Amino acid sequence: MTRVQKIVLSSSRDIPFNKLVLSQSNVRRIKAGVSIDELAEDIARRTLLQSITVRPVRDAEGVETGMFEVPAGGRRFRALELLVKQKRLAKTAPVPCVVREDGIPEEDSLAENVQRAPLHPLDQFRAFLALREKGQSEEDIAAAFFVAVSVVKQRLRLASVSPKLLDVYADDGMTLDQLMAFTVNGDHERQEQVFERLSQSYSKEPHVIRRMLTEGAVRASDKRAQFIGLDAYTEAGGAILRDLFQGDDGGWLQDVGLLDMLVAEKLREQSEAIRAEGWKWIDVAPDFAYGHTYGLRQLRGEQIPLADDEQATRDALQAEMDGLEETYAEAEELPDEVDQRLGEIETALAAFDDRPQAFDPEEVARAGAFVSIDGSGALRIERGYVRPEDELPITPENDAHPADEPAIAARTEHDGASVVAGTEPPADEPEEDDGIKPIPDRLMTELTSHRTLALRHAVGENPDIAFVAALHALCLKVFYRYAQDTCLELDLKSAGFSAQAPGLADSTLAVAFDARHQAWVAALPKEPADLWDGLMVFDGDSRQALFAHCVSLSVNAIYEAYNRKPRALAHADRIAQAVDLDMVAAGWTPTIDTYFGRVTKARILAAVREAKGARAGDRIEHLKKAEMAEQAQTLLAGSGWLPEPLRTPGREAPDAIESDTIDPAEADADAAGEETAADGGETAVVEDEEVAEDGSVALEAHATAAE
């Protein structure tokens, strides 16, 4: 029987610090990890927690000199050396050391570093939590371990995840990034539900976990949240889900019902001041459909003039702005304080220029206002709109020489004589009595028929006047509802939007279009009778710009299932070509809300394959629709891909990106998917083809504009 040799451990002893020297046998050459300064502070706080390995220094004859070299533990030695230099540690302070005699010094140094196992992250998270539970603040923990307070918060949040999920992480069942994603929602039951759903899903990326955990919540960047403010929401007891590991735009508001109630209350409170202005009606809602003012006449008010002191303040601000812009005209970058001051001045000037208008009290009594929230979360007030039923009756025109009689009327035969359609054969003209009587209606019609023909010929030979006359008629229709001040029988149907695309009213295009419309409202005369003279004063460029705006209001390229108009849509394509319409530059991007969540899986795959190549489509083909839409949104972000209804004929579509190389992570994911499919796993099941809610594949298109 072989006897087991007993191990003899190296002896340990306290050695004065001034008897220690660094050894050239230390294998650590590159500085990494905690700095010497931080380690010195930690030793000062807790003393030395780990002894230093040393070897006796011998002279040429092999006799010990009383000095000891440090082949392993050089960083601890330097930290102690720093404390001595700072006179916080005595030169002769005893240092606990393990004295080694056998072996090779370099081997000791290497073994001490290689055999040391790093702490599992979960152990660190739980240790931070234990310190927090024992009364240490987050700031205390951060100071003790030389990390930022935000790092402590993150680790405490990780430690607060469901114990079931922490055990999975400890057994390497999920990655740290996935665990971070689970911290978005602190509800353990909800976390575990999402984890169970992930076990049946192919896609387990952190962004998918975050999306699942925030389903039904409202982004803090939502205009409703911006309108009431996050402080008001939390004071009312609302919970906010936060992501400490990546940007979350302020988090997610979890109590949507509470949010909507707070929004309704604040809108109602702020609308009372508008109601007190005397309007007949007030419509209040967080949103109104784009084009909600179509068919309503907009009042033309007068801007309240500034008081003398207000005008002086405005002039001073404008002078200050002009001076700053002149001073820094050549500067590549403005100083922060100057940039901030310019922003303050711009805000103040905008308040002076955007002050409310004064309206005729009689008109106010027939009109109303819309109160809602704009895209930035500010209160939007649209004053002065008159509904058709509130208009005063139109007084018939009884002018003896009407200017708006129809142009040459069609003639019909009556009793063998040529008469004007719509008139009765005249009775015998009465004899002339004393005084001049009005011209008979029959003769007036005949005379004005000659004049109308002459006018047509003259206008046809004068393109400039024809343009102004057409512009005058269009402006009356667009800006002066129910006005009858034109002899041209032109009509313009301002198209409303039969269906509202998500976010259309708050889109950049809608805001820009409405701003242009209101600028023309301010530039045109208040009364329709003054419009002609006003247009004659405009220069040619202004007339053309106004004409283009009026015509744009009649553009209708909306596909409607109940109103087939292929020729009109084909003409819209021709106009799109003429103006080189680019929907990508216009701001449209394919997302879950705008496209992928609304079409079938087949269309999602077709889009991905067209934009990113067949292999990209093959990698997501087995996913369920919700996950496929999520992946497609990520893949096509910034690609410039557009669905067919938004493409302009003749514009080149972005080429599909087909690569012969696959990212290793994607390759692993593909392999995992194939293995799951081979095992008959649920993630390999492809859902049946889905169709749109109306049972058809719906086309989508946007009208250029509507009032």
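H207, V208 and R211 in helix 10 meet A626, E630, Q631 and T634 in helix 25, where contact means heavy atoms within 4.5 Å. This is a predicted model, in which local features need pLDDT of at least 70 and side-chain atom pairs count only at pLDDT 80 or more, while totals for chains, interfaces and linings use all residues. Residues are numbered from 1 along each chain as its sequence is written, and side-chain values use heavy atoms, with hydrogens and water left out.

Q: Why are helix 10 and helix 25 called oblique to each other?
A: Helix 10 (residues 206-213) and helix 25 (residues 625-636) pack at an angle of about 120 degrees. Angles under 35 degrees count as roughly parallel, over 145 as roughly antiparallel, 65 to 115 as roughly perpendicular and the rest as oblique, and therefore the two helices are oblique.

Q: What makes E215 and R211 a salt bridge?
A: The closest N and O atoms of E215 and R211 are 3.9 Å apart, and a salt bridge requires a side-chain nitrogen of Lys or Arg within 4 Å of a carboxyl oxygen of Asp or Glu. The pair belongs to a network of salt bridges that links R190, R197, R211, E215 and E630.

Q: Why is R211 called partly exposed?
A: R211 has a relative accessibility of 21%, and buried means under 20% relative accessible area, exposed over 50%, and partly exposed in between (1.4 Å probe, protein chains only), so R211 counts as partly exposed.

Definitions and conventions:
Axes fitted to C-alpha atoms, helices over the stretch in contact; angles between N-to-C directions. Helix = DSSP H or I, 4+ residues; strand = E, 2+ residues; numbered from the N terminus.
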